[in-house]
Amino acid sequence: MTAAMAFMSYADPEMKLYIKSHSLPQIYEALLVGLFVQCPDDPLIFLEEKIQELQKQKMLLTKEGHLDLSWDMFITAEFRQGMTKLIGSYLSYLFDLEVGEVLPPEMYENAYQFYLNFLLKKYFREWMNYIRNKRKVQIKYLQDKLKAENQYIHNKLRMTFKAWVKWRQLERKKQALALKHIRHVNDQLLAKLILREWNTVTKEAKSSRKYFERLEQGELEDESDILLITPAEDKDHISSFPWAVALKIFGNLGVRELARCAQVCQSWKVITQSSSLWSKLNFYPVRKYIKDNDVANILRNYRSTIVHLSLRGCNNIGWSTFKGISRCRNLQDLNLSECENVTDEFVSTVIETCTSLVYLNMAYTNISDATLRSLSKFGLNLQYLSLAYSKKFTNKGLNYLATGKGCHRLVYLDISGCTEISVQGFKSIGIACNEIEHLVINDMATLTTSCITAMVGCYYNLTTVSLLASPHISDAAVKVLVQGKKLTTFKTEGSKRITDTSFKIISTNCPNLNHIYVADCQKITDNSLKFISTLKSIVVLNISDCTRITDVGIQSFVEGPSGSKLRELNLSNCVLITDVSILKIAQRCFRLTHLRMRYCVHLTDSGIEWLGSLPAVTNIDLTGTNAQEQSLSGLGGNLKIKELIVAKCSGVTDNGLQKFYHKMFNLEYLDISHCLSVSDHSVKTLAFCCRRLLSFNIAGCPKITDLSIQYLAGVCHYIYFLDISGCVKLTDSIFKFLKKGCKKLRILNMLYCPKITKQTVKAAKNIQKLEYSDESPPIWFGYDEQGNYLAMNKDEEESN
C-alpha cells in the first residue's frame, strides 16, 4: 500500500483523471469488499464474474455519467444486513484523487492518539478539580463540626467546672470546720494522754528515787519492798477479741505455752485447739521434757495441718513419733538435727511417705548411706538439705544421689564437718545436685582445691558460698567458685593461702556481690579492699583478724560506690587502723547499723566519739579499745543505739557510763565486762534510764555489790540474760531480788562468785540455764577473791 501511494504521488495527472473518470476506486472497493465478505472458494472466478456483470451494466449510466456503484453491491443480502460502511473515501486518498498531498496512516493514528490524550487530560483535570473541591467541602464540614463539638464540650466543662468549684468550696468549708473540731478534740485527748503519761513517769521516777535512796540508806529489808510497781489486776481481754485477732496472738506461742494456755479457761482451750495454730510445731524449747507418746499424740491429732515440724535436740523420741510423722502428708519442713535416736529406718519411713517434703535438716545425726539411698529414690521435691556433722555416710551414699532420681532439685546444701567425703564424693554431689544456689561447707579441714573443682564445675546458679574454717582453700579454689557464677555471698575463714588475687578475681567476676566474710586471712592487704571498692552492692563486709589492713584500704573501700550502702562492718583485731578510718566511716557510711572494732588498739577517745554521728547505727562493739569518758558521751547522743559492748576497756568509768545512759531509753544489750572501775553508781543510773534492758554483762567488775542487783531488779523487769561472773562481792541475797524483780530471767552466769553458796544456787528453779562456780577469779581477771587488784594492775588502778 505504501508503494502504491508513493507511485501515485509521482503519477501523471492524466492518469489520475482517467482513474477518477472511470470510477476505478469505487470498483476496486466493491470488488475487494465482496471478496473479503463473501470469501468464495475460487477468488479469481468470483472476480471474473463480477467484472463481467459490470461490463453488462456499462451502458446503464447515471445522470452524472457514472456507473451506479456502491461498496456493498457484490455482497449478498444475508451479509449486508449486519454491516456498516467503515472505509469511506479512503481510496480517494490512496489514489491521490483529492486536493492536497496524500497523508500516511501513521499520521492518522498519531492524530487520533493525540486527540484521545487531549480528551483524557481534559477529563482527568476536570475530574481532579471536582474531587479537590469535594474534599475541600468535606474538610471544611469536618472542621466546622469539630469546632462545634469542641465548643459544646467546652461549654459543658465550663458549666460543670463552675458547679464543681462551688461544691468544692462548700466541701472545703465543711472539712475545715470538721478538721478544726477534730483537732480541738484531739488536742484535748492528747493533752490528757500526755498529762496522764507524764504523771505516771513522774510517779515512777519519784518512786524510783525514793527506792534508791532507801536502798542506799539500808531501810529495805523485807522482800515485799522490792518491786516498785505493783502489777494491775489481771483481766482476760483475749476472750473478747475477734477470732482472727486471738489466733494471731496465740500464733506467737510455742507448744508448751499453748498447752498451758489450754488449761486457763474454756474459751482459751477452744482457741488453742484451732488447727491453724498447729501447722508449725517446734519442740526444741521442751526437748528435755517431751516424750515419744506425747509427740505422737499431737501428730495424730493435727497430722493433716502440720507443715513445719522441728524436733531438734529431742532425744526421747522413737518409733511412735516417726510413725506419726509419716502420716503427715502435707509436711514440707522437717528438722531432725541433734536427735541422737534417729536411725536410717526411721528417716526412710518418713521420706517414703512424705512426698511433699521440701526442707530436711539431719545435722548432727547418725544417719548413714541407707538414708541417702532413700533420698535418691523418694526425695523428688527436696530443695533444702542439711547433712552437717553427720559423719557416718560415705562416698557410696553420695554415689546413690548421683545415680538416683531424687535430690536433683536441691538449691541449698550443707555438708559442714563431713570430713569423710573425698574428691570422688564431691564429684558425685556435683553430678547429682547441679542446681545448687547455696553451698555451705564449714569446718572441713580436709577440703582442698581439687574437691571444690570436682564439685562446683557445673554449678551455674551458685549465689552463696560458705567455707569457714577451711585452711587449705586457695586462690585457685576461689577462681573456680566465682567464674561463670552469680555469686552474691562469699564466706571463708582461717585460710592462709588466700591472697589479694582472690579479691581481684571476685571483683571481676561477681558484680552483684553483697556479702563478703573473709576473716583471719593473714595474706589479705589493702590491695584487696581496693579491688572490691569498684563493686556497687556490698552491704556486709567482715575482714576481722586481717592484721595487714590499714587506713589506706578502709579509705579506698569506703569512698567507693558501696560505702554509702554498707550496713555491717567488722574490723575486729585490725590493729593498724587509726582514727582516720573512723572519720571516713562517719562521713560516708550513712546506712551503717552494725559496727565491730574489737581490739583496734590505735583508736583514740576522740576518734570513737565520731561514731555517735552515724545516723543509723544500732550495734557497736568496742571491746579492748581506748574508749573513755569523752567517747561514751559522744555515743550517748545517738538515741538509736540498742547494743553497746565496751568490755575490757580500761578507760571506762562510772562518769562516762552515766553520760552515756542519760538518753539511752532504747538500750537493750549492754556489755561492760572486765571494766574494773565500774561500780554501783553507774548501775544505778543504768537502772533509772534504761528500763528496757534485755541483756546485761558485768562479769569481771570487782566493785559491783548486791546493791547493783537490787537496782536492776527494782526497775529492769525485762532482763533475760545476766552475767555476773567474777563479781566477788555478790552474796546469796541477790537471788531474793532476782526472784521478785526479774521474772523473765532465763540465763544466769555466775562463775567465780565465792560468796554465793551452792545451796542457794540449787534453790533457783525459774532459771533455764545457770552456770556457777565458787572458785577464785583467775589471774587474768586482774584481782583476787576480795576484789583487790593484783600487782600487775596497780599502776592501772592509780591511773583510773
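Student: Why does Lys140 count as exposed?

Tutor: In this predicted model, Lys140 has a relative accessibility of 51%, and since exposed means over 50%, Lys140 counts as exposed.

Student: What makes the contact between Lys140 and Asp144 a salt bridge?

Tutor: The side chains of Lys140 and Asp144 meet with N and O at 3.3 Å, and the cut-off asks for a side-chain nitrogen of Lys or Arg within 4 Å of a carboxyl oxygen of Asp or Glu, so the pair qualifies as a salt bridge. The two residues are four apart in helix α7, which means that about one helical turn separates them. Asp144, with a relative accessible area of 37%, is partly exposed.

Student: Why is Asp621 called buried?

Tutor: Its relative accessible area is 1%, and because buried means under 20%, Asp621 is classed as buried.

Student: Which residue forms a salt bridge with Asp621 at 3.1 Å?

Tutor: That residue is Arg596, the 3.1 Å being the distance between the closest N and O atoms. The pair links distant parts of the chain, with Asp621 in strand β14 (residues 619-621) and Arg596 in strand β13 (residues 594-596), 25 residues apart. Arg596 has a relative accessible area of 30% and is partly exposed.

Student: How do you know that Arg598 forms a salt bridge with Asp621?

Tutor: The closest N and O atoms of Arg598 and Asp621 are 3.0 Å apart, and the limit is 4 Å, so this pair also counts as a salt bridge. Arg598 lies in the loop between β13 and α23, whereas Asp621 is in strand β14, so the pair ties together parts that are 23 residues apart in sequence.

Student: Which strand is joined to β19 by four bridges?

Tutor: That strand is β20 (residues 769-772), which runs parallel to β19, and in β20 the bridge partner of Leu748 is Leu770. The chain crosses from β19 through helix α29 (residues 758-763) to β20 in a right-handed β-α-β crossover. A right-handed β-α-β unit is also made by β18, helix α28 (residues 733-741) and β19.

Conventions. Residues numbered from 1 in each chain as written. Predicted model: local features only at pLDDT ≥ 70, side-chain atom pairs only at ≥ 80, totals over all residues. Heavy atoms only, no water. Right-handed = clockwise from strand over helix to strand, strands pointing away. Pairing = 2+ DSSP bridges. Buried < 20%, exposed > 50% of the residue type's maximum accessible area, 1.4 Å probe, protein only.
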